[in-house]
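Work through the exercises below with the sequence and the coordinates at hand, and try each task before reading its solution.

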Amino acid sequence: QVQLVESGGGLVQAGGSLRLSCAASGRTFSSYAMGWFRQAPGKEREFVGAINWSRGIIYYADSVKGRFTISRDNAKITVYLQMNSLKPEDTATYYCAGLKLGTPFTVAATTIPSNFGSWGQGTQVTVSA
């Protein structure tokens, strides 16, 4: 079982930046693909992006493409979400999660929250206008 802990959220003005971290422990981390999702009050959990840890392939939601960047640090077993040019509509609780074993790393599969397990507790991002 992989344990994930997100950090780095906070309050920022529109146009600002934040970097979220997702630290993993437990099973061999290199065997996982990781995803970032977000959920605003009253809305469905939304795909943000995903990274195939070993192959380095990264997918992004259209809404964040060009503004958000996912990266990884093998030594720290941590995945990052660098968020630039933040907008008020980016306000949400952000979660990282590990792709379930046996789930293919495809655009279609990685956008579905139920394909992920080992969810972190989430970190709040609030962007003021």
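**Exercise 1: the surroundings of one tyrosine**

Task: in this predicted model, list the residues in contact with Tyr94, leaving aside its neighbours within four places in sequence.

Solution: once those neighbours are set aside, Tyr94 is found in contact with Glu6, Leu20, Phe37, Arg38, Val48, Phe68, Leu81, Met83, Gly122, Thr123 and Val125.

**Exercise 2: the largest nonpolar core**

Task: determine which members of the largest nonpolar core touch the most other members, and which elements give two or more residues to this core.

Solution: the core holds 36 residues, and those that touch the most other members are Trp36, Phe68, Val79, Leu81, Met83 and Tyr94. Turning to the elements, two or more residues come from each of β3 (18-25), β4 (33-39), β5 (46-52), β7 (68-73), β8 (78-83), β9 (92-99) and β11 (123-128). The largest share, five residues, is that of β9. As general background, nonpolar side chains tend to be buried together in soluble globular proteins.

**Exercise 3: the disulfide**

Task: find how many disulfides the model contains, describe the handedness of the link between Cys22 and Cys96, and decide whether each of these cysteines is buried or exposed.

Solution: the count comes to one disulfide, formed by Cys22 and Cys96, whose sulfur atoms lie 2.1 Å apart. The angle about the S-S bond is 70°, and the link is right-handed. The pair joins distant parts of the chain, with Cys22 in strand β3 and Cys96 in strand β9, 74 residues apart. For the last step, the cut-off for buried is under 20% relative accessible area; Cys22 is therefore buried, at 0% relative accessibility, and Cys96 is likewise buried, at 1%.

Definitions and conventions: Residues are numbered from 1 along each chain as its sequence is written. This is a predicted model: local features need pLDDT of at least 70, side-chain atom pairs count only at pLDDT 80 or more; totals for chains, interfaces and linings use all residues. Side-chain values use heavy atoms; hydrogens and water are left out. A nonpolar core is a set of buried Ala, Val, Leu, Ile, Met, Phe, Trp, Tyr and Cys residues joined through side-chain atoms within 4.5 Å. Buried means under 20% relative accessible area, exposed over 50%, partly exposed in between (1.4 Å probe, protein chains only). Helices (H or I, at least four residues) and strands (E, at least two) are DSSP runs, numbered from the N terminus. Contact means heavy atoms within 4.5 Å. A disulfide is a pair of cysteine sulfur atoms within 2.5 Å.
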